Amino acid sequence: MDMLKTKLAVLVGCLSLGVAINASAAGFETVTLGSKGGIQDGNLTAFMLKSELDDNYVLLDAGSVVNGLIVSEQKGAFADVKVPEDSKYTKVGYLLKEKIKGYLISHAHLDHVAGMIISSPDDSHKPIYGLASTNEGLMNNYFNWSAWPNFGNEGNGFKLSKYTYTDLTQYQWQAVKGTTMQVMAMPLSHSGGESTAFLLKDTQGDVFAYFGDTGPDAVEKSDALNKVWSALTPFVKQGQLKGIVIEVSFTNETPDKALFGHLTPNWLMKELTVLESMAGKGSLKGLDVVVSHIKYSLKKGEDPQVVIKRQLDAANTLGVNFLFPAQGDALTF
Ligand SMILES: [Zn+2]
């Protein structure tokens, strides 16, 4: 009897240890469907994101969708995804129609939505989440029967109602249907226009932050980023911020007046330093920061990504871990 009790105790101990290991290891996964901020059609800003506690994804911006899925599949990013035997779809089709449960759109600029628009005829029904200004931009400029048929459930003319516009209230959590995640939308200033940062939260309270295009507060004459850093601070303090995707569109050689609502390496470091000052010295050490939205260059000479990486590394007094995924690269956080 004592022997059995001991065995049971060991078994229970192992089980709870196993759960604890799993719990601490769970985070988020991204697949980069598009990594560039322009001008390469087929590789424009779009990241698939899912919680490791869930099989279903949301898309963070949708500059490139089907091409991104094709390249990602060829690179083996979806090796673990099994298409059910009775499905009539390819893996790319299955992922688009069944596994991507919604779009989170930061703003309605073409380089963030082109893939969604162009794949819409063969897409499945799903929500488009965004601030009201973003959803209005989509219905007024694209899904309007002039630029493209109206696949939305609002806007001009007959509504095909494939996509359900879902306005997010700033700084409030809302469920992402079909996934176990919640999302909070936080406005950003993008050359005077509105863009969005999305904070995704899993069932254990861990979060992942995705930033659409944004300029620095000092140049935009805004406090939008300051508010976002405040919102992230408690998660940093508790070790629950698992990673960030944020843009660095230009090198440090770009003057402030030519930023047009974007960041340079120096400005990103200045902004991250604001977050560190709120969360505590050394609090960002080891934080994964994905650098997005670097423009494809037509010029001979050094690739802007090489320059931007060098400039970020040189200024990285915070000890963050900068990542530069290419299209098709999968990452875990
Ligand atoms: Zn933009």
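Where is Gln327 found? Gln327 sits in the loop between strand E13 (321-323) and strand E14 (330-332). I will come back to that residue after some ground rules.

This is a predicted model, in which local features need pLDDT of at least 70, side-chain atom pairs count only at pLDDT 80 or more, and totals for chains, interfaces and linings use all residues. Residues are numbered from 1 along each chain as its sequence is written, and side-chain values use heavy atoms, with hydrogens and water left out. As for the labels, helices (H or I, at least four residues) and strands (E, at least two) are DSSP runs, numbered from the N terminus.

Back to Gln327. Gln327 is buried, at a relative accessible area of 10%. Buried means under 20% relative accessible area, exposed means over 50%, and partly exposed is in between, with a 1.4 Å probe and protein chains only. The side chain of Gln327 reaches two backbone oxygens: that of Leu33 at 2.7 Å, and that of Gly42 at 2.7 Å. These are polar contacts, meaning a pair of N or O atoms within 3.5 Å; within protein, one must be able to donate a hydrogen and the other to accept it, and residues adjacent in sequence count only if both atoms are side-chain atoms. Not counting residues up to four places away in sequence, Gln327 also touches a list of residues including Thr32, Ser64, Asn67 and Val71. Contact here means heavy atoms within 4.5 Å.

Next, the zinc ion. Its protein donors are His107 (NE2), His109 (ND1), His190 (NE2) and Asp213 (OD), lying 2.2 to 2.3 Å from the ion. Donors are N, O and S atoms within 2.8 Å of the metal (3.2 Å for Na, K and Ca); water is not among the atoms, so sites may look incomplete. Along the chain, the donors follow the spacing H-x1-H-x80-H-x22-D. The angles among the four donor atoms run from 89 to 174°, and the site is irregular. For reference, four donors count as tetrahedral if all angles lie between 85 and 135 degrees; four count as square planar and six as octahedral if opposite donors are over 155 degrees apart and all others between 65 and 115; anything else is irregular.

Now Ser51. Ser51 is in strand E2 (residues 46-51), and is buried, with a relative accessible area of 0%. A polar atom of the Ser51 side chain lies 3.0 Å from the backbone nitrogen of Leu53. Leaving aside neighbours within four places in sequence, Ser51 is in contact with Gly27, Phe28, Thr180, Met181 and Asp202.

On to the helices. In helix H5 (residues 132-141), Thr134, Asn135, Gly137, Leu138 and Met139 are buried. Their cover includes helix H4 (114-119), strand E5 (126-130), strand E6 (163-167) and strand E9 (193-201).

Glu276 lies in helix H8 and is buried, with a relative accessible area of 9%. The side chain of Glu276 reaches the backbone nitrogen of Gly282 at 2.9 Å. Not counting residues up to four places away in sequence, Glu276 touches Lys281, Gly282, Ser283, Leu284 and Leu318.

Finally, some backbone geometry. Most residues other than glycine have a negative phi, and most peptide bonds are trans. Which peptide bond is cis? The bond from Gly38 to Ile39 is, with omega near -5°. Ile39 is placed in the loop between strand E1 (28-34) and E2.

Two residues other than glycine have a positive phi: Tyr171, near 60°, and Lys221, near 50°. Tyr171 is in the loop between E6 and strand E7 (173-175), and counts as partly exposed at 28% relative accessibility. Lys221 is in the loop between H6 and helix H7 (224-237), and counts as exposed at 73% relative accessibility.
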